[in-house]
Amino acid sequence: MGKMLHGFGLVAYALLLVLCLHEDQLHCYAKLLATSCDLFHGSWVLDKSYPLYDTSSCPFIEKEFDCQNNGRTDDRYLKYRWKPDACALPRFNGRDLLKRLKGKKILFVGDSLSLNQWQSLTCMLHAAVPQTNYALTRKADISAFSWPDYDVSIRLSRNAFLVDLVDTKEGRVLKLDSIENGKTWKGYDVLIFNTWHWWLHKGSKQPWDYIEAGGKIVKDMDRLDAFREGLTTWSKWVDSNVDAANTKVFFQGISPTHYIGKEWDESESATCKGQNQPVSGSKYPGGSPAAATVVNQVLTAMSSPVTLLDITLLSELRKDGHPSAYGLGGDKGNDCSHWCLAGVPDTWNELFYASLVATG
């Protein structure tokens, strides 16, 4: 699956690409991806045909992601396309995706980065069929978007840790070995999971009082170790509860932040604020975050097939893609965690689409 998308060889790829000129391109592209082309290593190039949609035509977009409407005046960040080094990423086709998903239920599970990707996908699909009726409902931590004409439902379940966070008389406990909330994930055709950012929060932003692991309750522990234990519990849940014949499982990968300029060879005090172009090339000076290594190790140990949408490198290169002062906080804020829409999460969904095409 996604974690098996490695380099195939330019000569063989080129031969297959020639053959695709004589076949249905999307079905032929599935053959190309099956040859293990690495879609996740490449660079950003300017493309005047981007963005894939205008947020002014996406009436349900969350204010926190609508950077242009929030006052961002530059628009160059909207016009970059991800270009893999050794192959081509297929152009997103919203109508085709809706047809492929007909009669299916899709669920995103994760934190606000899952919201970012879910919101992107709903805007991309709405732009493809703007005259088609849709329904949007929100109740507690569940958001549901559906297209009745296509019998497609795309839901979002806000869940920052995947494992259980429960209220007890002693306080809020993050249970690294428990995943009772997984009961609500059953019955879907496609599951897209994400977790990481909230594992780092401390002080007033930390949403738990204690951590429970291995039958012991502690005040705190190494956060990367806690993340590994929690993600391992999730992986065991997938292995035990998901039938790969009926449900495709994806993991979003680690979305980076841009608060420390030295990571991209600027001053340490530099942040995403004021950035207007990506890091050039296909290497990020700061390297890959440790959490990405944990994700790869946990997914590799699983018995169930899980497609890793390895978004880390391509997102690391986009220091220009965050809301910064054009999110919910306005001039008083500096959001270098989430992403403007249109923007980088659209590429995550192009990769999601390509993976669906590849797996049929």
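# Exercises on a predicted model

D265 counts as exposed, at 62% relative accessibility. The structure is a predicted model. Work through each task, then check the solution.

## Exercise 1: A loop residue

**Task.** Where does D265 lie, and what is its phi?

**Solution.** 
- Step 1: Find the segment. D265 lies in the loop between β12 (248-251) and α6 (290-300).
- Step 2: Check the cover. Exposed means over 50% relative accessible area. D265 has 62%, so D265 counts as exposed.
- Step 3: Read the backbone. The phi of D265 is positive, about 70 degrees, although D265 is not a glycine. Most residues other than glycine have a negative phi.
- Step 4: Look across the loop. P285 is 20 residues from D265 in sequence. In space, their C-alpha atoms are 6.7 Å apart.

## Exercise 2: Another positive phi

**Task.** Which loop holds D151? Is D151 buried, partly exposed or exposed?

**Solution.** 
- Step 1: D151 is in the loop between β5 (142-147) and β6 (152-158).
- Step 2: Read phi. D151 is not a glycine, yet its phi is positive, at about 55 degrees.
- Step 3: Check the cover. The relative accessible area of D151 is 48%, so D151 is partly exposed.

## Exercise 3: Helix α8

**Task.** How many residues does helix α8 have, and how far does it reach? Why is α8 described as largely enclosed?

**Solution.** 
- Step 1: Count. Helix α8 covers residues 344-359, which is 16 residues.
- Step 2: Read the span. From first C-alpha to last, α8 reaches 23 Å.
- Step 3: Compare. At 1.5 Å a residue, 22 Å is expected, and the span of α8 is close to that.
- Step 4: Check the cover. Buried means under 20% relative accessible area. In α8, 14 of the 16 residues are buried, so the rest of the structure largely encloses this helix.

## Exercise 4: Salt bridges

**Task.** How many salt bridges does the count give? Examine the pairs R100 with D96, R318 with D320, and K183 with E180.

**Solution.** 
- Step 1: Set the rule. A side-chain nitrogen of Lys or Arg must be within 4 Å of a carboxyl oxygen of Asp or Glu. By this rule there are 9 salt bridges.
- Step 2: Take R100 and D96. Their closest N and O atoms are 2.6 Å apart. The two residues are 4 residues apart in helix α3 (residues 94-100), so about one helical turn separates them.
- Step 3: Check their cover. R100 is partly exposed, at 25% relative accessibility. D96 is buried, at 16%.
- Step 4: Take R318 and D320. Their closest N and O atoms are 2.8 Å apart. R318 is buried at 2%, and D320 is buried at 1%.
- Step 5: Take K183 and E180. The N to O distance is 3.2 Å. Both K183 and E180 are exposed.

## Exercise 5: A charged patch

**Task.** Which residues gather in a patch of negative charge? Where is D222 found?

**Solution.** 
- Step 1: Name the members. They are D177, D222, D225 and E229, gathered on the surface.
- Step 2: D222 is in the loop between β11 (216-218) and α5 (223-241).
- Step 3: Check its cover. D222 has 43% relative accessibility, so D222 counts as partly exposed.

Key
Residues are numbered from 1 along each chain as its sequence is written. This is a predicted model: local features need pLDDT of at least 70, side-chain atom pairs count only at pLDDT 80 or more; totals for chains, interfaces and linings use all residues. Side-chain values use heavy atoms; hydrogens and water are left out. The expected span of a helix is 1.5 Å times one less than its number of residues. Buried means under 20% relative accessible area, exposed over 50%, partly exposed in between (1.4 Å probe, protein chains only). Patches are made of residues with over 30% relative accessible area and no salt bridge: like charges are joined within 9 Å, nonpolar side chains (Val, Leu, Ile, Met, Phe, Trp, Tyr) within 5 Å. Accessible areas come from the Shrake-Rupley method with a 1.4 Å probe; for residues, only the protein chains shown count as cover. Lys and Arg count as positive and Asp and Glu as negative; His and the chain ends are not counted. The place of a charge is taken as NZ of Lys, CZ of Arg, CG of Asp or CD of Glu.
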